[in-house]
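Colleague: Can you walk me through this one? I have a few questions about it.

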Amino acid sequence: MERDSVKDQADSYVTEDGRTIGPTVMEMKNITLRFGGVEAIKDISFDIREGEIRAIIGPNGAGKSSMLNVISGFYVPQEGEVWYKGAQRPPMKPYQVAQQGIARTFQNIALFEGMSVLDNVMTGRLTQMKSGLLAQSLWKGKAEREEVENREIAEKVIDFLEIQAIRKTPVARLPYGLKKRVELARALAAEPTILLLDEPMAGMNVEEKEDMSRFILDVNDEFGTTIALIEHDMGVVMDLSDRVVVMDYGRKIGDGSPHDVRNNQEVIDAYLGVAHD
Amino acid sequence: MPEQLAFTIEVFMNGLMAGVLYALVALGFVLIYKASGIFNYAQGVMALFAALTLVGIMEGQVPFSHLINAILGTEVHHFGWHVPAFLAIVLTMVVMIVLAYCVQRFVFRYLVGQEPIILFMATIGLAYFLEGVGDLMWGSEIKTLDVGLPQGINVWIDEFTFEATGYGFFIDNLDIVASIVAAILVIGLVMFAQYTKQGRAMRAVADDHQAALSVGVSLNFIWILVWSLAGFVALVAGIMWGAKSGVQFSLSLIALKALPVLMLGGFTSIPGAIVGGLIIGVGEKLFEFLIGAPFLGGATENWFAYMLALVFLVFRPQGLFGEKIIERV
């Protein structure tokens with residue numbers, strides 16, 4: 001905890017495992033989000049550093065998903081500032097946030113059910129397509145090169161996540177675990193600066209969870225993608241992440257390395273309950 | 001070849017041609033329904049409005065002239081110029097795009113996430129509003145639309161079939177043009193949806209709003225785009241209908257024939273709209289010729305399409321090409 005409180009904006013930072021992570025890429029400052037009279041998030045601040053895996057954990061209803069929705073622009077907080085790449089971000093629509101290089105997945109999977117896996121992954125490239133309308137429909141020159149390029153990246157991601165076998169399958173036919181992986185592939189295809197994962201392991205069995213954990217680590221390792229993820233399964237998070245934010249009832253009750261957080265009395269109380277005498 | 005058979009074939013051909021026009025209107029319905037889940041009752045009126053605007057611009061009519069004259073006591077009706085057909089079509093398209101923007105900005109932006117029936121009611125309102133505005137802008141008299149499309153019997157087909165079979169087929173040039181235009185339009189739309197960024201974004205929005213947002217697609221932009229496309233299809237349909245039977249307000253009623261077409265073809269399928277249109281067109285003409293006129297006293301064309309749609313609703317509610325309806329428990 002102590003080491004974390006020393007904020008060193010510009011420099012890199014060495015985690016407990018000896019991994020070096022980069023400078024701050026996103027910072028949330030005193031975020032407060034209300035729904036009517038309910039405060040879903042109360043005055044929370046934390047940062048995300050380049051190349052790290054940052055987890056946001058907490059019991060059900062702690063406000064984790066709300067936090068992720070603030071980052072991705074689906075919710076606009078009443079108070080507080082979002083800083084991204086060294087500049088304050090004005091209130092934005094979700095599609096504008098996506099265009100800025102923040103990709104996400106959803107807790108309840110939001111895929112294009114009618115399209116094939118490949119088409120789904122290709123939609124991840126939409127923000128990267130530049131050539132004109134006419135050129136695209138005629139498929140000539142620059143547009144063709146671009147299409148080929150985008151296709152290559154999509155295929156690379158598909159290979160990487162080991163879903164080649166189902167490339168042409170309509171998504172609606174896939175089982176739950178694979179859908180989660182396709183959603184990850186689509187987000188990854190955008191080559192995002194920050195990848196937001198909303199409960200990537202929710203509803204999975206042990207084997208699927210292990211697979212997903214491996215993919216998340218590999219993505220971070222191979223592409224150097226900064227990942228912020230939400231999970232309520234403590235065990236999984238501790239193995240995966242470099243730094244952890246703990247939320248409870250909309251407040252931040254802990255922030256630091258997995259080891260620090262695990263030994264934080266407030267966190268233990270939140271998860272296991274406190275004896276009231 | 002016996003006279004009767006040759007005549008039947010001719011009726012069949014004419015049915016195909018009529019079907020193309022139904023299909024054109026149905027196509028506009030499918031576009032909007034696919035991308036936004038809105039069943040646009042106003043599609044027929046949009047075709048009428050587009051045709052009215054086109055004629056008005058071509059003839060240099062002063063829009064809202066009756067209103068202006070009534071208020072100011074003036075007598076203006078025409079600017080006194082004639083706009084060439086091509087330019088007028090481009091200008092009309094601009095009007096349709098402005099209309100698309102307004103529809104999204106002032107109506108449907110406030111209805112996002114509402115029940116389909118509410119969206120449908122809004123389009124009924126839009127239909128009557130647009131009909132009224134069309135009347136007010138350009139007047140309600142029947143107008144002839146001549147954008148220079150070839151009309152009248154195709155002599156070449158007439159002579160060729162006369163030599164081959166001893167019976168000359170009567171096929172209208174305009175119908176042939178309409179078929180070619182429809183084919184180009186469909187191919188264009190399919191290419192657009194499959195290969196362009198905007199087309200891909202359109203399909204994404206049609207499938208899942210939240211997911212579309214998360215890959216950087218602006219829903220508002222796509223909806224305006226889709227309404228503009230539907231406006232374009234309406235314009236093409238308006239030109240064809242207008243050239244065939246004059247620009248008149250009954251056009252919006254004829255457009256209702258697109259409903260049975262959609263029930264046949266499925267609400268979400270572009271090829272379905274075309275095939276459905278052709279089946280209805282051929283079906284009603286052949287039925288009238290073979291059964292209606294000789295045995296039922298004629299005038300079956302008015303109800304045949306709806307009857308066929310009813311039969312389809314009983315046996316295949318999703319249409320020929322519609323997505324299969326699966327309810328999981």
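**Sheet, interface, helices**

Modeller: Start with a bridge: Met247(A) is partnered with Lys252(A), which lies in β12(A). Keep in mind that this is a predicted model.

Colleague: Which strand pairs with β12(A), and over how many bridges?

Modeller: Strand β11 of chain A, residues 243–248, pairs with β12(A) over five bridges, in the antiparallel sense.

Colleague: What is the strand order in the open sheet of chain A?

Modeller: The order is β8-β9-β10-β5-β11-β12, six strands in an open sheet with mixed pairing. β8 (102–104) and β12 (251–256) of chain A are the edge strands, each pairing on one side only. On average, and ignoring direction, neighbouring strands of this sheet are turned by 15° against each other.

Colleague: Which helix lies across β5, β8, β9, β10 and β11 of chain A?

Modeller: That is α2 of chain A, residues 64–71. Helix α2 runs at about 150° to β9(A).

Colleague: Change of topic. How many residues of chain B are in contact with chain A?

Modeller: 20 residues of chain B, and they meet 25 residues of chain A. On the chain B side, α7 (173–195), α8 (197–207) and α9 (209–214) each supply at least two residues. The largest share comes from α8(B), with seven residues.

Colleague: And how do the residues on that side of chain B divide by class?

Modeller: Nine are nonpolar, six polar and five charged.

Colleague: Where is Lys93(A), and what does Lys93(A) touch?

Modeller: Lys93(A) is in the loop between β7 (87–88) and α3 (94–99) of chain A. Leaving out residues up to four places away in sequence, Lys93(A) touches Gly73(A) and Ser218(B).

Colleague: Why is Lys93(A) called partly exposed?

Modeller: Because Lys93(A) has 16 other C-beta atoms within 10 Å, and the class covers counts between the exposed limit of 12 or fewer and the buried limit of 20 or more.

Colleague: Thr20(A) next. Buried or exposed?

Modeller: Exposed, because Thr20(A) has 10 C-beta neighbours inside 10 Å. Thr20(A) sits in strand β2 of chain A, residues 20–21. Residues up to four places away in sequence aside, Thr20(A) touches Ser12(A) and Val14(A).

Colleague: Now the helices of chain B. At what angle do α4 and α10 cross?

Modeller: Roughly 140°, and the axes of α4 (residues 85–107) and α10 (residues 219–245) of chain B come within 8 Å. α4(B) and α10(B) are therefore oblique to each other. Their crossing is right-handed.

Colleague: Which residues make that contact?

Modeller: Among them are Met93(B), Met96(B), Ile97(B) and Tyr101(B) of α4(B), and Trp223(B), Trp227(B), Phe232(B) and Leu235(B) of α10(B). The contact of α4(B) with α10(B) has 13 nonpolar, five polar and no charged residues.

Colleague: How do the axes of α1 and α12 of chain B cross?

Modeller: α1 (residues 3–36) and α12 (residues 258–265) of chain B cross at roughly 70°, and their axes come within 9 Å. That makes α1(B) roughly perpendicular to α12(B).

Colleague: What does α1(B) bring to that contact, and what does α12(B) bring?

Modeller: Tyr22(B), Ala23(B), Val25(B), Ala26(B) and Phe29(B) come from α1(B), and Ala258(B), Val261(B), Leu262(B) and Gly265(B) from α12(B). By class, that is eight nonpolar, one polar and no charged residues.

Conventions
Residues numbered from 1 in each chain as written. Chains lettered and ligands numbered in written order. Predicted model: local features only at pLDDT ≥ 70, side-chain atom pairs only at ≥ 80, totals over all residues. Contact = placed C-beta atoms within 7 Å. Helix = DSSP H or I, 4+ residues; strand = E, 2+ residues; numbered from the N terminus. Nonpolar A, V, L, I, M, F, W, Y, C, P; charged D, E, K, R; others polar. Axes fitted to C-alpha atoms, helices over the stretch in contact; angles between N-to-C directions. Parallel < 35°, antiparallel > 145°, perpendicular 65-115°, else oblique. Left-handed = near helix turned anticlockwise from the far one by under 90°. Pairing = 2+ DSSP bridges.
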